[in-house]
Each structure stands twice: as C-alpha cells, then as structure tokens.
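Here's a quick briefing for anyone opening this structure for the first time. Have a look at the chain below, then read on.

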Amino acid sequence: MGRKKKELPIVENVTIESVAAEGKSLFKWNDMVVFVPFCVPGDVVDVQIRKKKHSYCEAEVIRFHKYSANRVDPMCQHFGLCGGCKWQQLPYEEQIKAKQEQVMQQLRRIGHVELPECSPILGSVKTKEYRNKLEFGCSDKRWLTREEISSSTVYDDMNAIGFHISGAFDKILPIEKCWLMDDLHNRIRNCVRDYAKANNITFFNIMEQHGLLRDMMLRNSNTGEWMFLIQFGPEMSIPASEITEEAVRKKHFDYDTAMALMEHISEAFPEITSLLWVYNPKRNDTFSDLEVNVFRGNDHIFEIMEGLRFKVDPKSFYQTNTDQAYHLYCVARDFANLSGNETVYDLYTGTGTIANFVANQAKRVIGIEYIPEAIEDARINSVINKIENTSFFAGDMKDILTETFIAEHGRPDIIITDPPRAGMHPDVINVILGASPARIVYVSCNPATQARDLQLLDKDYRVDKVQPVDMFPHTPHVENVVLLTRRHIEG
C-alpha cells in the first residue's frame, strides 16, 4: 500500500513582495521563499502551495483580496493559461526595471567578476505586435481547464491550434487572438482551424504520432512580406524503419487533402508572399533536415536594416523583434569600436546579420555558424548588399574554431559572439583565450550562461560595459551585451 500523499497547505491573506525570475513574483512564508505566477508586488492573495522544496515553495493564486495599485489589466484573453506573456499585468516600466536587475544579479551571483555600472536597459520600441515570427502547434488533445474537467462535460471537439502548455507537452491551448504579431497572423491561423474542422482534417496526436495538421509557422518582415509554412504529418503511425522510405508519403500522407487546404489559404490570403509546406513524418517538429516545398510565391522573405537587405528563409535564424534587433546590433557595433583595419570573427553568425552589419567598418569579417542553410543565406546576403570582405563557414563551433583555423584565416582583433541559450562550449572559450583578441563583444539571450562564460574569460578579460536590451516585452526574457577588454598580461 502506497504512502498517503501529504496535503499541501493554503496560505491566506499574504502580500506579494517583489518580482522574481521566470516571470514569477514572491513572498516570504515561514522562512521560505514562495514563488507565485501572474501576480505583481502589492497584490494581497490566498495561495495554494503546489510544490514544497527544502528552501522554497511554488504556489498558485486561488483568491485575490486586493489588487496592487502597481498593476495593469492584461491585454490578452488567454493570460493566466498561456505561459508566453507572464508579465502582462506588470506595467512596462516595471518590467524593464526588473529585467535590468535580473541581468546584474545573475552576472554577480554566477559570474563573480568585477562589473562596471550597468547602462540603462533599452526598452522595446513596440510592446505589442513586435514579433516577426510565431509558431503554433496543432493537436487533437486540447487543454482543458480545471473548471472544464470538473464540469464532467463531454467535449466532442478536442482539436486545437495554439501553444503547448508548460508541463503538458501533448496538450495545446487554443489561441483565438495573440497580440505578439500583426493581426493578419490571427486571421490566417483561425482560417486554417475553421477550414480543417469543416472538412474533417485530422489534427496531430503527439503521443501516437499521426494526424495531417501538425504545426505552422508565420513570419513577416518590415518589407511587408509574409511567409506561412504548414507542417503536415502522417495519417497513421509510422514504424521507425519506414520513415526514410519514399513509400511513406504515398502510403501515409494525404497529399490531396493537404493541397486543398493550401489552395484555400492561397485564395484567402493574397498577402502571403511565401506559402510553403513540409511533410514531416519524424517524431519531432524540427524540419531543418526536411524538404520545404513552395506552393506559391518565393521560398524566402527580406528584412531591411540600415539600408542592408537580409534574405530570410524558413530555416533561417533572424532576431524575432526586428526594430529592437537594430538597436541590439548598434550596441554590438558600438562596443566593437571598429576603425576599419580589424579582422572580426562573428561567432554563431546565423544568417550573417551582425557580420554584414559591421562589415563596412572592418577590414575583414569571418562568420561561423552550425546550420549550413543559414551560412548559405549569409553568403547571399553579402552578395545582395555588395559586401566583399566577409567569409562564412558552416559547422559545429568547437570543431571549426580551432588554432589551425585561426592560423589559416588570421587572428581576430575583435570577436563578436552571439551563442544560443546554452552559451559557449569550454573548448570555444579556450580557443578565444588563445586567440587573444583586443575586445570581445558578447551578445547573450541568457544572462545566466553568459555569467558562467564571463567567469571563464575573467583571467584575461575585464568587463568594461554592460547593456541590457529588451527584445521580448511581457516576458521575463532579456538580451544582454557585454564588452570585454583584454587585460594587460605580463610576459
């Protein structure tokens, strides 16, 4: 007989004290920190403890006694269920204040390096409709709220298009309207949903790995172009041994139904300049290794930044807040302090945006990126913009950036690095230290891993500037740019 699960307490009439990490707030209770989502400092609430650890608890609000004066009404009808914009109830000026504090706390607590005074965070130009890319999952298992579950109602229609629920990877929260992108994306997504339901198109079942309507991605650009890509899945589960066989498509893919949907979208939305589809029978939603098919228009769109044109295809990485990306890259270029005589290495270059952005102020720029398609776009972007002093290389950073590579291509005077959330591999950091550039400009989407890497670089480099940049209003995420200058090393 199993042990009876210990009942967790309700804590009543407590005042939320401050903003915490990951979009949560906190209060102190019995010498423990209690983290609560969807609150702001000054709210007076009752909470149900949901998880109790040695030094902290996680809880959720079950009743508001008093709303804080420092609170605004959330703009989104899905707030509280969708985990994408957890700070909508917090005034924007308080959001960016909390982000700046978060950056400095993580640099101090994790990095343990000497830091200069932090420059005031650069707030986002837009706080609504600021994204140029969104992805939505499709599922035949929509998320049910506690109220819906307790009602004992039998729901005939469980199909949904929306966002995955945190902690329930196989469930989708239906999204009617999202405020993060131009409203055309809502009309496109809802049109697909309505057509699919009216025509009995199957939605994907992630547990059993079948269903025609699987995933969708929308991109737009400041040139007015729109890209829409749908991933189609198999109509029945596919044995692993068959996934790579050409017969899979004929046997499992309902091509005619898929193309009828594409035709419907094409007719309904002439604004779409790049209408694409992918057949994905794999057990994950990534399509970087799959063929992308053009139904109508081009296989790419363009972004413009400071007179430069950047080609963006469906597999490309491009900063998702176009306006704010410009300010981010201006900070990186300013920190690099180029005179025109430097060799610059742009690590994790993506489609070469930063590399091409700084090229006219450098002698030479070398970009390195893992994804071959992105590197091809980087080269094309240089050609489009008549930039002739760039070179791009594709492969794993720790395998490409070696002493041999540096000996062949020249030692960098400046390194600009913009790694993924995991930060830089220790081997990469060691090569950077060996290359001894005069300055390193470290752009990060995760100040925690940035702080870890700064500690490894600290023996040879001091942090001279810290500049947070808010790319994602209403979320706890923040970009941070750090300038590292080489210390005087005694011989």
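**Sheet and pocket at a glance**

Strand S11 (residues 226–232) and strand S12 (residues 274–279) run parallel and are joined by six bridges. Helices and strands here are DSSP runs numbered from the N terminus (helices H or I, at least four residues; strands E, at least two), and two strands pair if DSSP finds at least two bridges between them. Keep in mind that this is a predicted model: local features need pLDDT of at least 70, side-chain atom pairs count only at pLDDT 80 or more, and totals for chains, interfaces and linings use all residues. Residues are numbered from 1 along each chain as its sequence is written, and side-chain values use heavy atoms, leaving out hydrogens and water.

**The sheet**

- S11 and S12 belong to an open sheet of seven strands with mixed pairing, in the order S9-S8-S7-S10-S11-S12-S13.
- Strand S9 (168–174) and strand S13 (293–297) sit at the edges with a single partner strand each, so one side of each has no neighbour in the sheet.
- From one strand to the next, the twist averages 30 degrees; axes are lines fitted to C-alpha atoms (for helices over the stretch in contact), with angles from 0 to 180 degrees between N-to-C directions.

**Around S10**

- S10 pairs with S11 in the antiparallel sense over seven bridges, and five bridges join S10 to S7, also antiparallel.
- Met216 is the bridge partner of Phe136 and stands opposite Ile230 in S11, while Ile230 stands opposite Trp277 in S12.
- The hairpin of S10 and S11 has five residues between the strands, and Gly224 there takes a positive phi near 90 degrees.
- Eight of the eight residues of S10 are buried, meaning under 20% relative accessible area (1.4 Å probe, protein chains only).

**Helices on the sheet**

- Helix H3 (residues 184–198) lies across strand S7 (133–139), S8, strand S10 (213–220) and S11, at about 160 degrees to S10.
- Helix H5 (residues 255–268) touches S10, S11, S12 and S13, and its direction makes about 160 degrees with that of S11; contact means heavy atoms within 4.5 Å.

**The second largest pocket**

- Strand S4 (32–37), strand S5 (44–52), strand S6 (56–66), helix H2 (146–150) and strand S8 (160–165) each supply at least two residues of the lining of the second largest pocket.
- S6 gives the most to that lining, with seven residues.

Conventions. Buried < 20%, exposed > 50% of the residue type's maximum accessible area, 1.4 Å probe, protein only.
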